[in-house]
Amino acid sequence: MQALLKKRKMDLFDRISEDIKKAMLAKDRVRLEALRGIKKEFLEAKTAKGSDGTLSDEAATKVLVKMAKQRRESAAIYAEQNRPELAEGELAEVAVIEEYLPKQLSEEELTAELRKIIAQVGATDAKMMGKVMGVASKALAGRADGRAISAKVKELLGN
C-alpha cells in the first residue's frame, strides 16, 4: 500500500514537471509561473524541518489549497485597489492550481456530507460545532472551503 501511495505522489510531481515543459513549449507564461510555484512549494514541503522527505497526498492538497486561497485573497486586494490586470493574473493562477485539487463539492453535496458527519458525531446543537468542525475539516479537506464548511455547519446546527 505504501509503495502504491509513493508511486501516486510521484505521478503528481512528474505530471507537474511534464506540464511545466508543455507550458514552456506553448509559451504560456501564466501557467508556467503557477506550475513552477506549485513545484517550489512541494519541494519546500518535502525538505521542511521535521519532514521525512516525502509529501503525502493530504499534505500536497493542503499546500495547493493554501496556494489557491492566497491567490484569491491577493486578487481581491488588487481588485479593491483598482488593479484589475494584477487580479486577473492571480485568478488565472488559481485556475491552474485548481486543476490539481480534488473536485469541489457543490452546496448540495456539502450539505449531505455535513449531515452525515453531524449524525456520526451526534451533534444536536451549536455547542457541538467544534467537534463537527474537527471531523468535517479533515474529511472534506481540499474538497470544500473552510469558511463554507463553517457557515453550513452553523446553519445546520442552528435549526
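Modeller: Let's start with a definition: a salt bridge is a side-chain nitrogen of Lys or Arg within 4 Å of a carboxyl oxygen of Asp or Glu. This is a predicted model, where local features need pLDDT of at least 70, side-chain atom pairs count only at pLDDT 80 or more, and totals for chains, interfaces and linings use all residues. Residues are numbered from 1 along each chain as its sequence is written, and side-chain values use heavy atoms, with hydrogens and water left out.

Biologist: How many salt bridges does the count come to by this rule?

Modeller: Side chains of opposite charge can pair when their charged atoms come close. Going by the rule, the count is 14 salt bridges.

Biologist: Asp19 and Lys22 meet in a salt bridge; which helix holds them, and how far apart along it are they?

Modeller: Their N to O distance is 4.0 Å. Helices here are DSSP runs (H or I, at least four residues), as strands are (E, at least two), numbered from the N terminus. Asp19 and Lys22 both sit in helix 1 (residues 2-26), and because they are three residues apart, the separation is about one helical turn.

Biologist: Is Asp19 buried or exposed?

Modeller: Buried means under 20% relative accessible area, exposed over 50%, and partly exposed in between (1.4 Å probe, protein chains only). Asp19 has 11%, so the word for Asp19 is buried.

Biologist: Which residue meets Lys152 in a salt bridge?

Modeller: Look in helix 7 (residues 146-158), where the two partners are three residues apart, about one helical turn. Lys152 is buried at 7%. With 3.5 Å from N to O, the partner is Glu155.

Biologist: What is the N to O distance between Glu85 and Arg83?

Modeller: Glu85 is partly exposed at 45%, and Arg83 is partly exposed at 38%. Their side chains meet in a salt bridge, and the distance is 2.9 Å.

Biologist: Are helix 3 and helix 4 roughly parallel or roughly antiparallel?

Modeller: Axes are lines fitted to C-alpha atoms, for helices over the stretch in contact, and angles run from 0 to 180 degrees between N-to-C directions. Helix 3 (residues 57-80) and helix 4 (residues 84-98) pack at about 160 degrees, with axes 8 Å apart. Angles under 35 degrees count as roughly parallel, over 145 as roughly antiparallel, 65 to 115 as roughly perpendicular and the rest as oblique. So helix 3 and helix 4 are roughly antiparallel.
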